[in-house]
Amino acid sequence: MRALYRKYRPTKLADVIGQDQVTKSLNDSLKQRKLNHAYVFAGPRGTGKTSVARIFAHAVNDFEYQLEDDYLDIIEIDAASNNGVDNIRELREKAIIAPTKGVYKVYIIDEAHMLTKSAANALLKLLEEPPAHVIFVMATTELDKIPVTILSRTQVYNFSLAEPEVMLQHLAKIAKKEQIQIDEDGLRVVVKRGGGSFRDSLSLLDQVATLTDDKITAETLEKALGVPSQEKIKSLLANYKSGDTDATQQDFKSLISSGIRPENIASELLSEVIAHPEPETLSLLRSLPGVTAPFAEAKLLLALLEDHLRSPASPRAKTSIAKTNPAPEPVVPPKTAPTRATGTVESAGVMENAQDAGNTESTGIKATDNNPSETNTDEITSADFKWLDFVAKVNLASASTAKPLEKSSYELKNGTLHIYPDNNFSARILQAAKHGAILRQALGKSYGLKVHDADAISQPKDETVAKISAIMGNVKEIDDVVPF
C-alpha cells in the first residue's frame, strides 16, 4: 500500500494545490511554447517543487505522466549525492546527445544548493551555451546558496507553504476518500503539525489513521504526538503574563507530568507567541529556542520564571504571597549596608536583578550620614534611573564599552552610579578615560559616576538561579557552575 503523499502526488498542473502563482505562469509558457532553458524552483520542503518539475518535464514533451513511468529523456539527479565536478562533467557529455523520444531532454536537479563550487562552475558553462534540446529544472530549499551567476541565467519560481485553510480542505477530501474517521479539530492539529508542507501533513495523516478504531479527535492526537493542547498553552501564557508564578509553575508541572517533552512545550509556546505577539510575552523569544537537551526541563522552567524572579517589582511578578499580603512599608537601610542591584546584559536582551550587598568595608564606598529625608530623595532618584536604558545608550555609542557591563553590578547612591565590574580586566576598560567619557555621556549630567576595582565588592550568588534550583529540587551550584 502506497503512502498517502505518494498516492496523492499531482500529475497535472491543475491538480497542484496552493501554488497558483507558479502553475499559472508555467501553464502560460506551455500554451505559448515560450520555454526557457533553465528554471529554479525554490521553497520550503514538501511544497511541491519536485512534483511540479516532473509534471513540467512531461508537459514540454507531451508525455503522459504516470507516477511510476520512466522516460529516458527525463533525467533526475540528486545533487546531495552527485554534487562533484566529475558528475557535472558527465552530465555535460550526455546532454549533447539528442533526446530519444521527446523534443527536449529535461534534467531535474534536486537539492541544487548542494553542488560544490567547482560543480556549480561546470554547470554554469553549460547554462551559458546550452544545447537547444536541453532544459534544466533545479529544485532547492536554500535559494541563497545558489550562485548568483547561475540564478541570473534561470527563471526563478518561489513555492510557498500552504495556508492552513487550504491544507485543511485538502486533507479533509483525502480523509473522506480514504475513510479516515477524524474530526475537524483533529485535522487542524495535523495541519498545524504539518507546518504548511503537503508531504509532512499527508505523512502525519497517514500515521494517525491507525491510532484508533473510533473517530480521531484533537485530544487523541495530542496524546499520541506528545503535544500540549492549545487550551493548556494559552493558560500557561496567561499566567505568565499576569506574573502568577504559582499558577505558571502548576501548569508547567501538569504538562511535564503528562509526559509531554519540554522541547514540545517550548515549540508550542513559541508558535503561540509568534502568532499572537504581545509585549508581555516577547521576552520568551530570547530563551525558548534554547530549550534543548541537556536539562531541557530546567531550561524551560527558567525561561518561564526568570523574569518574574529577577524583577519582583514588575507588574507581572505576583505570587500567592503578594496577592494575600499587603506590601511592607519601605525600610531605610542602615548606612553600613547599602542596597545595590545587579544588572545583566545578555546577547539577545537585557534583564535587571535586585540583590542585597555587603557592608561599606567590603564595597570600598565611603559611608556618609543619611537622614530619612535624604534617603527618600535617593529613592525617588533611583526610581528615575533605568539601568537598561543606560546600558542600551552605552551600547549604541560603543559595543566594546558596553561589553564589560554584561556581568557588572551597580548601585545608585546619593546621586552617584557605582559600577562594580566582575573582573579586573573589565574594571580597567571601564576606568579608561575613553570609555569613562562614553559612560558619562550615556549617564547624563543628573548623576555622578564611579567605577570600582573588581575586588571592591564580592559578587553574590545568583539569587534567581537559587530560586529556580529550589523549585527543581535544590540543585546546587558547584564552583559557580549551574547545571542548566
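Ile135 sits in strand S4 (residues 134-140), strands being DSSP runs of E of at least two residues and helices runs of H or I of at least four, both numbered from the N terminus. The model is a predicted one, where local features need pLDDT of at least 70 and side-chain atom pairs count only at pLDDT 80 or more, while totals for chains, interfaces and linings use all residues. Residues are numbered from 1 along each chain as its sequence is written, and side-chain values use heavy atoms, with hydrogens and water left out.

With a relative accessible area of 2%, Ile135 is buried; that label means under 20% relative accessible area, against over 50% for exposed and anything in between for partly exposed (1.4 Å probe, protein chains only). Leaving aside residues up to four places away in sequence, Ile135 touches Leu35, Asn36, His37, Tyr39, Val60, Tyr104, Lys105, Val106 and Tyr107, a contact being heavy atoms within 4.5 Å. Take Leu35: it is 100 residues from Ile135 in sequence, yet their C-alpha atoms are 8.6 Å apart in space.

His58 belongs to helix H3 (residues 49-60). His58 is buried too, at a relative accessible area of 4%. Its contacts, again setting aside residues up to four places away in sequence, are Phe63, Glu64, Tyr65, Asp69, Tyr71 and Ile74.

Next comes helix H22 (residues 433-443), in which His435, Gly436, Ile438, Leu439, Ala442 and Leu443 are buried. Looking down the axis of H22, these buried residues fall within an arc of 160 degrees, so they line one face of the helix; the arc is that of the directions from the helix axis to the C-beta atoms. As a rule, an α-helix has 3.6 residues a turn, so residues three or four places apart point the same way. The other side of H22 has Ala433, Lys434, Arg440 and Gln441 exposed. Cover for the buried residues of H22 includes helices H19 (387-397), H20 (399-402) and H21 (424-431), along with strands S9 (416-420) and S10 (448-451). After H22 comes Gly444, with a positive phi near 85 degrees.

As for the whole protein, its secondary structure comes to 23 helices and ten strands. Of its 484 residues, 43% count as buried. Among contacts with a separation of 6 or more, 73% are between residues 24 or more positions apart. The protein exposes about 25,700 Å², with carbon and sulfur atoms supplying 52% of it; accessible areas come from the Shrake-Rupley method with a 1.4 Å probe, and for residues only the protein chains shown count as cover.
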